[in-house]
Amino acid sequence: MQPKAFLLDLDGVITDTAQYHYLAWSELCQTYGFRFSEADNERLKGVSRMRSLEIILELNGKQNTYNDAEKQQLTVEKNDRYVQMIRQMTPADILPGVSAFLKDCRQAGIRLAVASASRNAPEILRLLGIAHLFDYVADAAKIPNSKPAPDVFLVCSQALDLPPACCVGIEDALAGVQAIHAAGMPAVGIRVAPHPVHKPDIALTSTAELSLPDLLKQLQSLS
Ligand code: B16
Ligand code: MG
């Protein structure tokens with residue numbers, strides 16, 4: 001195939017916000033006496049804010065302890081901490097290889113969108129100084145079903161007025177690869193955890209391997 005657009009995930013593909021999500025959830029968990037480890041944090045990657053809280057509550061056997069309003073308040077507390085932490089982000093936090101890849105895409109006339117579960121995506125792109133490189137940034141608050149559902153990738157292709165088959169998704173999370181495939185697009189995976197069924201069409205071990213000429217060659221050879 002000859003891609004007309006790349007749809008990029010944010011956390012784990014453009015920048016590494018997982019460390020800040022982990023710190024913010026850890027502080028909240030300490031306040032409320034919940035257990036939460038770095039290994040638990042792996043389960044939150046690519047998952048929405050509310051679903052992340054529900055996973056933490058399940059890990060602590062507290063899935064029935066809080067009502068909806070209380071859960072909402074807990075996610076607000078977590079996000080307030082997270083927003084304080086990401087204020088320090090700068091263009092130096094863009095992952096290796098990403099800036100050159102984005103610039104090469106723009107020069108080649110290939111369109112770019114951000115397909116992230118994060119409601120903080122616009123602010124993070126602004127802090128990184130790359131917001132202007134994207135034709136569209138999906139509003140995570142308005143996506144009906146989160147990854148592994150295809151919604152965010154389909155919303156991006158619709159916003160760009162392109163058929164899904166002309167778009168390629170780039171993801172670091174297994175749920176993201178499932179979402180890309182469910183949207184009918186080829187998936188480029190960055191360090192995606194191995195899975196017997198859901199495998200990226202092109203697997204990279206680091207964003208430093210993102211090269212537009214290499215990806216175009218590999219995509220052309222996909223059936
Ligand atoms: P927020 P991605 C995801 O970003 C993160 O991987 C996930 O850990 C986080 O819970 C989610 O964004 C929501 O983020 O609280 O900022 O709305 O990987 O989809 O770019
Ligand atoms: Mg991600």
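How far apart do the C-alpha centres of domain 1 and domain 2 lie? In this predicted model, the two centres are 25 Å apart.

- Domain 1 is made of two stretches, residues 5-15 and 93-220, while domain 2 covers residues 18-86.

**Where the domains meet**
- On the domain 1 side, nine residues are in contact with ten residues of domain 2.
- Together the domains bury about 830 Å² between them, and 51% of that area is on carbon and sulfur atoms.
- Three residues stand out here: Asp 11, Ala 117 and Asn 120 supply 44% of the area that domain 1 buries against domain 2, more than any other three residues.
- The side of domain 1 that touches domain 2 has four nonpolar, two polar and three charged residues.

**The magnesium ion**
- The magnesium ion (ligand 2) is coordinated by Asp 9 (OD), Asp 11 (O) and Asp 172 (OD), at 2.0 to 2.2 Å.
- Along the chain, the donors of this ion follow the spacing D-x1-D-x160-D.
- Is Asp 9 buried or exposed? Asp 9 has a relative accessible area of 4%, so it counts as buried.
- Asp 11 is also buried, because its relative accessibility of 16% is under the 20% cut-off.

Definitions and conventions. Residues are numbered from 1 along each chain as its sequence is written. Chains are lettered from A and ligands numbered from 1 in the order in which they are written. This is a predicted model: local features need pLDDT of at least 70, side-chain atom pairs count only at pLDDT 80 or more; totals for chains, interfaces and linings use all residues. Side-chain values use heavy atoms; hydrogens and water are left out. Domain bounds come from an automatic or database domain assignment. Contact means heavy atoms within 4.5 Å. Buried area is the accessible area (1.4 Å probe) that two parts lose on being put together, summed over both. Ala, Val, Leu, Ile, Met, Phe, Trp, Tyr, Cys and Pro count as nonpolar, Asp, Glu, Lys and Arg as charged, and the others, Gly among them, as polar. Donors are N, O and S atoms within 2.8 Å of the metal (3.2 Å for Na, K and Ca); water is not among the atoms, so sites may look incomplete. Buried means under 20% relative accessible area, exposed over 50%, partly exposed in between (1.4 Å probe, protein chains only).
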